[in-house]
Amino acid sequence: QYQYQYQYQYQYQYQKNNMGGHDNSHRNNPAAEPTAKQDIAALKAAKIPLAFRDKCGHLLIDLNSCRRANFFSPNACGHQRHTYEECEYYAWLDRVHIKQSSEQK
């Protein structure tokens, strides 16, 4: 039982050190970086709902146009979908980092 407990602690510490840090070393896709400046006119022209006009809304324009062009096929637009989801993940990491830094003060 001690061996499993040690293994769990090591695994948790590894995840905390290598995945939870905010050093941006895990960000490999510069196209998926969240940006605060969004082209509101382009988002409005693409009919993006207000709920999705966040820091990754610019990627949703290309994704939705690809979806429409391929009749919402689940196998199409994989690259655009992955980039959009990666951007949303990075934005979440930024929010978590801001919250953790504000709690430490």
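Tutor: Start with one cysteine: Cys-87 is buried, at 0% relative accessible area. Keep in mind that this is a predicted model.

Student: Which residue is Cys-87 joined to?

Tutor: Cys-87 forms a disulfide with Cys-56, with an S to S distance of 2.1 Å. The torsion about that S-S bond is about -90°, so the disulfide is left-handed.

Student: Where do Cys-56 and Cys-87 lie?

Tutor: Cys-56 is in the loop between helix H2 (40-45) and helix H3 (57-69), while Cys-87 is in helix H4 (residues 78-104). The pair therefore ties together parts that are 31 residues apart in sequence.

Student: And Cys-56, buried or exposed?

Tutor: Cys-56 counts as buried, because its relative accessibility is 0%. The cut-off for buried is under 20%.

Student: How many disulfides does a search of the whole structure find?

Tutor: Two. Besides the Cys-56 to Cys-87 bond, there is a disulfide between Cys-66 and Cys-77, with the sulfur atoms 2.0 Å apart.

Student: What's the handedness of the Cys-66 and Cys-77 disulfide?

Tutor: Left-handed, because the torsion about the S-S bond is about -100°. Cys-66 lies in helix H3 and Cys-77 in the loop between H3 and H4, so this pair ties together parts eleven residues apart in sequence.

Student: Are Cys-66 and Cys-77 buried or exposed?

Tutor: Both Cys-66 and Cys-77 are buried.

Student: What is the pairing if I number the bonded cysteines in sequence order?

Tutor: Numbered that way along the chain, the pairing is 1-4, 2-3.

Student: Switching to H3. How many residues, and what does it span?

Tutor: H3 has 13 residues, and the distance from its first C-alpha to its last is 19 Å. That is close to the 18 Å expected at 1.5 Å a residue.

Student: Which residues of H3 are buried?

Tutor: Gly-57, Leu-59, Leu-60, Leu-63, Asn-64 and Cys-66. Seen down the axis of H3, the buried residues fall within an arc of 160°, so they line one face of the helix.

Student: Why would residues three or four places apart point the same way?

Tutor: Because an α-helix has 3.6 residues a turn.

Student: What do the buried residues of H3 pack against?

Tutor: They pack against H2 and H4.

Student: Last one. What about the phi of Phe-71?

Tutor: Phe-71 follows H3, and its phi is positive, near 55°.

Note on methods: Residues numbered from 1 in each chain as written. Predicted model: local features only at pLDDT ≥ 70, side-chain atom pairs only at ≥ 80, totals over all residues. Heavy atoms only, no water. Disulfide = S-S within 2.5 Å. Helix = DSSP H or I, 4+ residues; strand = E, 2+ residues; numbered from the N terminus. Buried < 20%, exposed > 50% of the residue type's maximum accessible area, 1.4 Å probe, protein only. Expected span 1.5 Å × (residues − 1). Arc of directions from axis to C-beta. Contact = heavy atoms within 4.5 Å.
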